[in-house]
Amino acid sequence: MVGITSYGAYVPMLRLPLAAIGGGAAKPGGPEKAVANWDEDAVTMAVAAAIDCLRGVDRTTVDGVFFASTSYPLKEKQAAALVARALDLRRDVMTADVGDSLRAGTTALRTAVDAVKAGSAKRVLVVAGETRMAAPRSALEPSLGDGAAAFLVGAEDVALALAASHAVADEIIDVWRTEGDPFVHAWEDRFVVDHGYRASVREVVRGLLAKTGLGAKDFAKLVLYGPDARSHGALVRELGFEPAQAQDPLFGKVGNAGAAFAPLLLAAALEGAKAGERILLVGYGDGAEALVLETTPVVERLEGRRGVGWHLARRAELASYDLYLRFRQLLATEHDRRAGAGISATKHFRDRDDDVTFARDDFERVRLSDKIGAVKSFTFDNFAGSPSPPLVATVVDVEGARLYLQMTDASPREVKLDLPVELTFRKMHEAGGTPNYYWKCTPVR
């Protein structure tokens, strides 16, 4: 039996009220979407989800990393290798990127299962992260959100076994983004939904049910990708499922997280799963993919994960839509305070153990990235390169090691001496057009 043995999730703390996109005033409790902070992207969120997934797991037993995304910023540099390095995994770990399709997340999960079944790996980590952008104030923008999910796939202590799968491939220009284009584009709504989403998902689900002899009533949960709340709800009913069977698609809370969307919803479904249940997972993009997953008693013992629910409760509202545009460098008249000469490839290679793995010193490798520290000194810098000043600079004690770190996802009002903090992998800048990653600290919540 091969399947998921552990899971993790990440939803950025910041929320953008949907009313703000149209220029209106946000109402308390109104619909919103999750947006990455200015120092977050698909990679940093995937690392955060993976850390959640690997709690209590011996990282030396991980044989592979598959990274799924359509918004990874580099085109000729592997993200999976960077994720493996940030997680301090073995040097001989197998790495691969899966991209260019909205169903890259479910495809990566299925590929990991195949790798374990084939014997080429015993444990494979699947991570999916997205920070897709639509044009400002476009019809598509309110539906998109940011997030990440991670799953560890293996043959021992399986919590969610893959029992059957089915896929269909389709060629349709419905949602796309070209080389160098920062924005996702979509064709006319009715065409996208009727000829793309509904047609492919209907075909793949009906094909899977015919193959397995199962019906809608045989599933405890339907984890279904959807381009928007209305289309998602309509297709749930069309497939013969009751609304109560469908996992909450998180529109108005997170939004459509692209290749990470179906994996993120699956992580949310696992938080309340019981042994002996069937889950139908459906991904969409250039066709569709459906997986029958069956829970075991192990699923009820997966404790200590933060999961989607924890992240939904941990939220902070963006002060304005203009601040969101500044974070995405979409204000044309603004000078980017994060710019500079760019990262030196030689220095990056020399310092990668310190900067990426965050394990040192010269005598014995010690990983600090999964430890809790305490603030011993701090200052507020209103002139440093931050799109949301002040930049909070700290000296943090982590098990006797003193680290100079920036603080993120924190208000200056929260900062105090001896504040417990955890480490989080973030972008420092994109000078020279290349993302430069390092670790920051954030208050323990």
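This is a predicted model: local features need pLDDT of at least 70, side-chain atom pairs count only at pLDDT 80 or more; totals for chains, interfaces and linings use all residues.
Okay, let's start with salt bridges. How many salt bridges does the structure hold? There are 28 of them, and I'll pick out a few. Take E289 and R103, whose side chains meet at 3.9 Å, N to O. E289 sits in strand β13 and R103 in the loop between β5 and α4, so this pair ties together parts that are 186 residues apart in sequence. And are those two buried or exposed? Both E289 and R103 are buried.

Next, R198 and E238, with a salt bridge at 3.0 Å, N to O. Here the link runs between helix α5, residues 189–212, which has R198, and helix α6, which has E238; the two are 40 residues apart. R198 has a relative accessible area of 25%, so it goes down as partly exposed. E238, at 30%, is partly exposed too.

Then there's D370 with R367, where the closest N and O atoms are 3.3 Å apart. D370 is partly exposed at 35% relative accessibility, and R367 is partly exposed at 22%.

Now for a charge without a partner. E141, in the loop between β6 (123–130) and β7 (147–154), is buried yet has no salt bridge. Which side chain of opposite charge is nearest to E141? That's K33, 4.7 Å away. What E141 does have is the backbone nitrogen of R137, which lies 2.6 Å from a polar atom of the E141 side chain.

There's another side chain to backbone case at T296. This residue is in the loop between β13 (287–295) and α8 (307–313), and with a relative accessible area of 11% it is buried. A polar atom of the T296 side chain lies 2.5 Å from the backbone oxygen of V158.

Out to the surface. D170, E171, E203 and D286 gather in a patch of negative charge. One of them, E171, is in the loop between β8 (160–169) and β9 (175–176), and at 65% relative accessible area E171 is exposed. There's a nonpolar patch as well, made of F378, F380 and L417, with about 270 Å² of accessible area together. F380 belongs to strand β15 and is partly exposed, at 36%.

Last bit: the backbone. Most residues other than glycine have a negative phi, and most peptide bonds are trans. So which residues here are worth a look? D100 has a positive phi, near 70°. You'll find D100 in the loop between β5 (94–99) and α4 (104–118), and it is exposed, at 72% relative accessibility. L250 also has a positive phi, about 65°, and lies in the loop between α6 (229–238) and α7 (261–270). L250, though, is buried, with a relative accessible area of 4%.

And where is the cis peptide bond I'd like you to see? It joins P389 and P390, with omega about 5°. P390 is in the loop between β15 (372–381) and β16 (391–398).

That's my tour. Thanks, everyone.

Notes
Residues are numbered from 1 along each chain as its sequence is written. Side-chain values use heavy atoms; hydrogens and water are left out. Patches are made of residues with over 30% relative accessible area and no salt bridge: like charges are joined within 9 Å, nonpolar side chains (Val, Leu, Ile, Met, Phe, Trp, Tyr) within 5 Å. Accessible areas come from the Shrake-Rupley method with a 1.4 Å probe; for residues, only the protein chains shown count as cover. A salt bridge is a side-chain nitrogen of Lys or Arg within 4 Å of a carboxyl oxygen of Asp or Glu. Lys and Arg count as positive and Asp and Glu as negative; His and the chain ends are not counted. The place of a charge is taken as NZ of Lys, CZ of Arg, CG of Asp or CD of Glu. Helices (H or I, at least four residues) and strands (E, at least two) are DSSP runs, numbered from the N terminus. Buried means under 20% relative accessible area, exposed over 50%, partly exposed in between (1.4 Å probe, protein chains only). A polar contact is a pair of N or O atoms within 3.5 Å; within protein, one must be able to donate a hydrogen and the other to accept it, and residues adjacent in sequence count only if both atoms are side-chain atoms.
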